[in-house]
Amino acid sequence: MVNLAHLIPVFPFLAFVINILIGRRVRRYSALISILGSTISLCLSIYTLVWFLKGSGSYTLFKWLILGGISLNIGVIIDPLTCMMLVVVSTIGTLIQIYSIGYMKDDVRFSRFFAYMSLFMSSMLGLLLADNFITLYIFWEGVGLCSYLLISFWFEKLSAARAGMKAFITTRIGDTGLLVGIFILIFSAHTVYFSDLANLSAASPLLTAAALLLFCGAAGKSAQFPLHVWLPDAMEGPTPVSALIHAATMVAAGVYLVARCFVLFSAQAPALIWVAYIGGITAIFAASIATVNNDIKRILAYSTISQLGFMMIGLGVGGYSAGTFHLMTHAFFKALLFLCAGSVIHSIHTQDIRDMGGVFRKMKITGLAFVIASLAISGIPPFSGFWSKDEILSEILRKGHPFLFAIAMVTSLLTAFYMFRLIFLVLFGKPRTEIHPHESPKVMTVPLGILSVFAIFVGFVGSPFMNHAFQKFIYLGQSHESESMKPDYLVMALSTLLASLGIGIAYLLYVMNKSILPQRIRRHFTLLYTIVYNKYYIDEIYDFLFIKPSIRLSRLASRFDLGVIDGAVNGVAWIFVILSRISSWIDRNIVDGTVNMIAKIVGLFSLILRRTQTGYIQTYLLIAFFGLAVIIFIKLIGG
Amino acid sequence: MSFPIMTCIVFLPLAGGLLILFTPKKNVGLIKTIATAATGAALILSVVLLFNFDYAKSSIQFEECLRWIPSINISYHLGVDGISIGLVFLTTLLSFLACIGSYDIDIRQKEYFFLYLLLSTGMLGTFVALDLVLFYVLWEIVLVPMYFLIGIWGGPRKEYAAIKFFIYTLAGSIFMLLGILAFYFTSTPHTFSILELGQTTGALSLSMQIIIFIAFYLGFAVKVPVFPFHTWLPDAHVEAPTPISVLLAGVLLKMGGYGFLRISFPLLKDAAHYFALPFAILGVVNIVYGAIVAMAQTDFKKMVAYSSVSHMGFVMIGLASMSVTGVNGALLQMFNHGIITGGMFFLVGVLYVRAHTRDLNKFGGLGVKMPVYAGLLIVFSLASLGLPGLSGFISEFMSLLGSYAEFQLTTIISVLGIVITAGYFLYMLQRVLLGPLNEKLAGFSDMSKREIFVLLPLMIIVILIGVYPLAALKYQMATIEAFIQKIGGGVF
């Protein structure tokens with residue numbers, strides 16, 4: 001068999017080039033071009049997986065850059081993590097692009113949309129294949145760019161334009177951390193390759209710092225607290241974009257990065273525990289916001305943030321396979337959730353769940369898929385989310401973090417609650433406003449169906465029924481002892497119970513009591529409700545602490561530049577002008593004045609002496625006579 | 001003696017300029033053709049140069065040396081090495097493209113193109129002169145046409161900007177002249193040859209080196225421009241016509257950085273080591289301060305001008321690191337900045353021709369009306385803010401990496417500049433392209449074929465270097481390695 005893995009990102013990229021150049025001419029066929037590109041990638045990804053299972057691995061392509069002593073070769077990494085992610089990303093990517101044909105049908109920039117989607121697919125697949133930090137960083141920023149372009153895809157809306165900018169800048173703050181982390185690794189470990197990270201087993205403060213800085217990048221990308229603010233706003237983008245980029249794939253890149261550098265993190269215990277706690281804070285924090293939000297997409301966005309936090313906890317406590325397992329299952333059910341939400345929005349043109357209700361009767365397929373995905377994310381057996389969430393929960397407990405375990409449990413409860421609050425308010429009950437739901441076309445419902453199948457069954461690969469095949473496949477190294485393969489029935493029972501409780505409360509509040517009870521609860525906890533409803537005022541705090549001051553600073557600097565520095569330049573020029581005026585005055589009045597004065601004195605004398613030059617002979621003779629008389633007189637006296 | 005290719009490249013534009021002097025003033029078409037042909041021929045020759053350049057060699061190639069004023073050892077000495085070849089190509093390319101971009105000039109075309117071609121010769125000569133007196137003469141020649149080009153064809157405050165530019169740079173170069181004389185009188189035998197001085201100046205005492213270094217620094221720092229000598233730049237840019245802004249940012253600023261690489265650092269290496277830290281700190285100030293000031297600008301051109309101040313800071317920190325990676329990054333950054341910012345100024349010009357304003361708050365929503373323009377502006381902005389996959393990233397990354405090896409803290413501060421840069425470029429894109437369409441702009445047409453023709457080569461280079469940086473780096477690596485060995489710097 002031949003090495004074909006490096007071609008995986010090439011085909012979507014070609015689709016991008018074709019669509020950006022002639023997309024407007026081929027119009028609707030641009031979708032087919034993009035889908036063809038990612039279908040080829042899907043086939044190649046499966047081929048790579050098979051190829052890997054037959055015992056082949058990473059390889060190098062060509063020399064790309066020389067940095068000091070390190071010659072940087074572009075290569076691809078083929079290991080269980082990459083193979084898994086490749087298949088997941090290309091599968092979901094292909095399905096979402098098919099769905100987009102229906103969703104974006106009437107958009108004026110139809111071909112542009114598919115061009116960007118293909119560019120995203122290319123960058124994301126490239127990111128997964130990168131075998132060193134620098135290539136990873138390049139694709140990392142590439143997916144960030146696509147995210148920016150697609151969030152502000154409907155750029156005529158100012159809110160969309162702003163959301164794109166916010167996403168780019170917020171993630172870039174994390175990325176600068178990543179960049180410095182890479183610098184530290186290059187100088188302290190003399191490597192940029194992931195494969196060399198295994199040699200850095202000794203704990204050192206510098207490497208801990210490097211790991212934490214890498215985590216900054218991961219936190220930005222995966223919208224972890226305190227860099228999570230961009231993801232809810234990113235919902236301004238078209239819903240397929242939210243599904244692909246801001247739920248299933250790109251936001252998972254941060255989790256992927258931590259998993260990719262897991263050997264580095266696990267050698268630096270302080271860094272790892274940071275990952276776990278940041279994940280924990282994010283998980284419960286975002287879940288609490290989701291319980292009171294009213295925008296269907298934003299609820300799902302906060303849910304994504306929360307679930308990514310969950311994965312971080314899993315990785316942070318040392319559960320490599322648990323974290324990556326949840327990464328995979330989440331990709332399917334969260335993509336499904338967004339596509340269902342998109343199908344509803346496409347049909348009734350509103351995003352506010354208070355305006356919905358009773359949609360299920362008219363949209364059976366969408367509704368069914370929505371319920372399946374919600375059961376999966378809530379962790380109800382035997383849906384996929386149950387298995388992966390359970391893995392994380394039992395890992396936390398086994399590694400001895402009771403506090404984190406409590407946080408994770410509460411998050412599970414909240415997750416089930418807010419998901420079924422959404423389900424009950426959107427799908428069931430009576431319509432609360434004039435809406436006319438209708439089922440979406442087949443091109444949208446078929447991907448929903450396929451993803452539903454995944455959302456139900458994909459968890460089995462990591463369940464005891466399949467002998468934890470996933471964990472054995474993905475696990476790093478030889479020994480499986482550090483992670484338990486034994487099912488923890490107590491945790492399973494407890495988490496199922498909590499999830500059911502969450503669904504039960506949602507049922508109680510939103511089906512049994514219509515809207516009366518929530519109102520009353522809200523009145524009892526007004527302060528708490530207001531704080532959570534306003535997303536803990538994080539945006540306002542950032543605005544006050546960072547954005548406004550930096551705008552003020554830049555205006556101040558600009559005035560300083562104009563006033564002080566340029567002022568100094570103009571001041572110097574002005575001083576020279578004044579000096580030149582002074583010296584010109586001196587020149588005119590003193591230097592030239594002296595000359596003129598001498599001339600004047602001479603002139604004055606000449607004025608007097610001129611009178612002697614009358615031209616009359618008589619006068620001259622008279623003067624000569626007088627002169628002679630004076631001389632004689634002097635001679636006589638002096639004698 | 002073989003074909004004098006260096007002389008041809010340098011003086012072809014001037015020859016075209018002289019030809020224009022004998023062309024009737026009314027025949028504007030012929031004048032433009034001559035100017036385009038002259039710059040085009042220089043561009044073709046520089047491409048020939050690129051293909052025949054042996055990049056494994058670190059020494060001077062295509063050397064031409066004639067005695068000029070033998071009594072005081074001044075010679076007509078030209079040649080290129082890895083440091084200058086990229087800049088020569090950059091200059092011929094931008095000269096050619098900006099010449100096509102100058103077709104919009106509608107008054108006194110004859111004088112304009114003559115001065116333009118004279119400017120082109122001056123800039124090219126500066127990069128290939130290997131004799132200090134020749135270098136100085138060509139360096140100063142650049143000022144004269146630039147003064148008139150801004151002062152006659154510029155905007156409302158053209159006289160102020162032209163005089164400020166002229167006097168400021170002239171004041172700087174006076175000190176440089178003193179430095180040149182100091183070199184001459186301290187060397188034995190007395191010489192102005194940069195190559196010969198390279199053999200002997202190592203013996204100079206540190207205090208002498210420091211004095212000469214400062215003298216040259218004042219000349220070069222104004223050109224780069226290094227904070228706080230940068231305020232001529234925004235004024236000159238805002239007032240200059242578009243093609244002149246392109247050359248100003250694309251080429252003239254590089255003369256300063258080139259001076260450091262060609263003269264200050266190799267000839268005064270002890271002083272260079274002595275000043276490395278302040279040099280790096282000034283670089284960081286350029287990066288961060290330039291970016292912060294750029295963020296506050298409402299004039300599109302002024303924003304790009306301040307972004308130049310910021311980007312040239314990467315050249316400074318790369319140089320200050322005196323490491324192979326850092327200096328390679330600095331030199332590549334000069335080339336990349338020329339291409340990217342040159343492109344940015346063209347793009348500002350495209351908008352200015354249509355709107356007759358550069359006020360960023362008066363645009364909005366142009367992405368709908370001008371999709372091609374939007375695409376190009378996005379690519380150049382992303383390259384400018386250092387997006388990986390485009391050329392700016394590679395050189396900034398290398399400069400930062402090299403700098404990190406020597407000065408960790410200053411490097412980390414300069415990384416902040418990257419975030420601010422992303423901020424103001426995206427904010428600019430939002431104000432120009434995104435949001436609801438400003439009704440006053442509804443009649444705008446997208447870019448013409450000529451405008452696209454000017455920008456396309458630049459975009460191709462931006463992408464090519466971003467994707468495969470060795471395409472550009474291979475020309476300079478051997479020279480830089482020898483350079484670092486000579487001045488005694490680090491590997492990274």
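This is a predicted model: local features need pLDDT of at least 70, side-chain atom pairs count only at pLDDT 80 or more; totals for chains, interfaces and linings use all residues.

Let me begin with the largest nonpolar core, which has 403 residues, and those with the most contacts inside it are Val258(A), Ala335(A), Leu336(A), Ala373(A) and Ala455(A). By such a core I mean a set of buried Ala, Val, Leu, Ile, Met, Phe, Trp, Tyr and Cys residues joined through C-beta atoms within 7 Å, where buried means that 20 or more other C-beta atoms, placed from the backbone, lie within 10 Å of the residue's own. Helix α14 of chain A, residues 320-348, gives the most to this core, with 17 residues; helices here are DSSP runs of H or I with at least four residues, strands are E runs of at least two, and both are numbered from the N terminus.

Residues are numbered from 1 along each chain as its sequence is written, and chains are lettered from A and ligands numbered from 1 in the order in which they are written.

Turning to chain A as a whole, there are 24 helices and two strands, and buried residues make up 52% of its 639 residues. Its C-alpha atoms fill a box of roughly 155 × 60 × 55 Å along the principal axes.

Finally, 38 residues of chain B are in contact with 36 residues of chain A, contact meaning C-beta atoms, placed from the backbone, within 7 Å. On the chain B side, α17(B) gives the largest share, nine residues.

Key
A residue is buried if 20 or more other C-beta atoms lie within 10 Å of its own, exposed if 12 or fewer, and partly exposed in between; C-beta atoms are placed from the backbone. Two residues are in contact if their C-beta atoms, placed from the backbone, lie within 7 Å.
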